[in-house]
Amino acid sequence: MNGMLRRKLARDLRRNWQQFFAVFLMALLSSLCYVGLEGAWHGLEVSLDRSSSKADLADGWVHARTMTSAQVEQLQTLQGVKQAEAATQIWVSDISAEQTYVRLEVGAPGELSRPEVVEGESFEAAATGIWLDREYARAHDIEVGDQFAFTSSGGDHEEAVLGLVVSPEEVYFTGTPALGAPEPEHYGYGYASSGVFDQPVAANLVRFTGDTDAVIEAAPSVLGADYLIVQTSSTRTSVATAVDRVGQVRNLSYLFSGLFILLALLAMFTAIRRLVAMQRQEIAVMQALGFARRSIRGHYLAFGLATGGAGALVGALVAPGISLFVLDSQKAMFALSEWTIAYTPLSAAVVLLIAAACSGSAWFALRRPLRLRPAEGLRQAVGRARRVAVERVGGIWRSLNYGARWALRDSMLNRVRFLMGIVAAVGCMMLLFAGFGVSDSMYNQVNQMFAVERTHDQRVALAPGASTAELPVGTQLMQETVARLDGSVGDHFIYVVDPGESLRLTVDGKSVPRGDGIYVSAALAERLGLAVGAQVELALPAQQSRLEGTVVALIDTSSPQGFYVTSDFWEQQDIAFQPSIALTPAGVSLGADQYDQASQVLDRALQVDNGNRLVAGLESIFMLIRVFAIILAVVVLYSLGSLAFTERTRDYATLAVLGFSRRDLRRLVGTENGIMTVVGLLLGIPAGYWFLTVYVTMFDTPDVVYYPHITWVSVACAVGITALSALSTTIFLRRRVRSVNMVEALKGVE
């Protein structure tokens, strides 16, 4: 590009900064969205990998009620097992706080999943005492050197806290499947030296590395009736949730940055098209003066490179702030000793892609003008009048005033411009539906679960062999165990439900009658390819038995995913019903004399608060989406409206000469933008709900499934924000009608 074109580029950018600011801002948002979110998800991924590698995280965990040394040896020598270590874990109650439990691992940790001591003495120290989970210690103001008092089946204990730890296999420790988010005020873990307990306790856990499928297949036969479950890194909630969060934020970065890049291209295309329309005669003059088409094209491509590239670069430079913001919002959920933000080479590639794409959009905007000969380009562009489809409907057309007819005809004849406006409004609605709808979906899931599906007052984990005779009247009993579907690999939970109203099986929010057969959660049924009427055979490792039945309903529970059967149907199969959970009726709690039958007690109110905390942990991401959507609405809608105004300047001048007042012209501007906005809103509602449906599934896990839901208030907010953005654009453009120079707009080439 020669010096003259460089000076022209700088002058044009300075004079038309408003229209190119939209391009700059959309490119900035595109880069900021991807690079900012990548810094968070890749940083979390790097932090998790670093923690796992340093501690040699196990590949799987075999749980049993108890294990003999011979059984442990059998598991250790299975083909495909590289390394295996036995451990003993027991639950104890914190004496200082009610309904507060700590899972202690007895003895010094082995080499697999070795926890990191972040404060205090190392495990090799000879002293007798406790190492506590750091998050639990913080929640209870416990420091190294304090005394920790607890009770177990062996009696009361009080031991010194020797250190605080973070375990790589408990990054997302909830303590119980009944909670969806960590609750360190009530659940923690720790490690006790061998001298804490007088009597040795049998092993009940084996950690291993190697072929997980081989262990999953062999473990039930090795352990027999003592078998509980085999977990892997993809099914163990305390590990899998952190890995899933990496994937969730990564998918968000792809989805939203892709959408913003498309909108940046839209903004660039409209800006260059507007500039080319304004400089049609200048392009012709440059051609007449001997400038090659290649030079002219390069000149206009430089607009895209300068504005889009600058925006993408600035977005990448400020992206670490977004990365830190998102990462900080996750620190309350995940327990890691080190946090960092990190990026991949793809971040730089995205910045280059945005700059190249903006330049590419300018290429398409120049195709028609550069095909004109200089003489053709110097003539004033004159449009052609054509009838549109609406005109053929005589009754409707005659009922419209002249301004509405003109607006409709102009919109239909300039279909590309009209469709761009609709796309901008629809894109804004899609982002707003996602920003408001995912939060609504998750909160609705919590409400559905604890207002419709579960109405209990307390969830009581019963001690093995506990008597249920003293439980309150109306208490609903449930047995939780594992089952294996013939033809599939892995364990699935099966829940045997006694008659009662505390736990309801629902389809479309309505309770279904219970009878003989098997009920399956809808999401699990989809993964396993099951449908109503299918014959199912389930192996029950812990019961050393099998269960056969017909799938009678697919229930829409969010969590937990699994199979459900009635206790009557269970016993009809000659399988003993051994309840492990009791759900007390609404408003009824266990009395003080009944707590000895319970190993753990969990209030429904705590479960509700915990579910809301889980959603609150993601609220910062949802807020970012809403802010981006509002910026998108204002910038893109104004950019398109300004383009339309520039292209119609000569038309407005002609109408003014024919007798239209400035008020009439302002009303005409409002009519044109109003048609585009109304159509965009009407299409945006179904498109937004579809986008929400796609978006909300990104937060699904094997244990929890979310269903799309958006309140009318959120729909009204999305519609209102989009409409107000369009209205503000209309008001601004109506003011520009005053600045139209009628003589300048109508005069021809001198």
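**Entry 1: Leu 5**

I started with Leu 5 and listed its contacts (heavy atoms within 4.5 Å), leaving aside neighbours within four places in sequence: Met 286, Phe 291, Ser 295 and His 299. The model is a predicted one, in which local features need pLDDT of at least 70, side-chain atom pairs count only at pLDDT 80 or more, and totals for chains, interfaces and linings use all residues. Residues are numbered from 1 along each chain as its sequence is written, and side-chain values use heavy atoms, with hydrogens and water left out.

I placed Leu 5 in helix α1, residues 3-15; helices (H or I, at least four residues) and strands (E, at least two) are DSSP runs, numbered from the N terminus. Leu 5 is buried at 2% relative accessibility. For that label the relative accessible area must be under 20%; exposed is over 50%, and partly exposed is in between (1.4 Å probe, protein chains only). I also checked Ile 296, which is 291 residues from Leu 5 along the chain, and found 8.4 Å between the two C-alpha atoms.

**Entry 2: whole chain**

I counted 21 helices and 21 strands in the protein chain. Of its 750 residues, 53% are buried. I looked at contacts between residues at least 6 apart in sequence, and 82% of them join residues at least 24 apart. The chain exposes about 32300 Å², with 56% of it supplied by carbon and sulfur atoms. Areas come from the Shrake-Rupley method with a 1.4 Å probe, and for residues only the protein chains shown count as cover.

**Entry 3: cores**

I then looked up the nonpolar cores, meaning sets of buried Ala, Val, Leu, Ile, Met, Phe, Trp, Tyr and Cys residues joined through side-chain atoms within 4.5 Å. The largest has 99 residues, and Phe 256, Tyr 695 and Phe 699 touch the most other members. Helix α2 (residues 17-55) gives the most to this core, 17 residues. Apart from this core lies another, of 41 residues, including Ile 494, Leu 547, Val 551 and Ile 575.

For Phe 256 I set aside neighbours within four places in sequence and found contacts with Cys 33, Leu 431, Ala 434, Ile 625, Phe 691 and Tyr 695.

**Entry 4: helix α3**

In helix α3 (residues 69-76) I found Gln 71, Val 72 and Leu 75 buried. Viewed down the axis, they fall within an arc of 100° and so line one face of the helix; the arc is taken over the directions from the helix axis to the C-beta atoms. These buried residues pack against β1 (60-67), β2 (81-94), β9 (203-210) and α5 (212-223).

I looked up His 63 in strand β1. His 63 counts as buried at 16% relative accessibility.

I found His 456 in the loop between α13 (415-453) and β11 (458-462). His 456 is buried, at 2% relative accessible area. Leu 583 is 127 residues from His 456 along the chain, with 5.5 Å between their C-alpha atoms.

**Entry 5: Val 318**

Last, I checked Val 318, in helix α8 (residues 293-330). Val 318 is partly exposed, at 44% relative accessibility.
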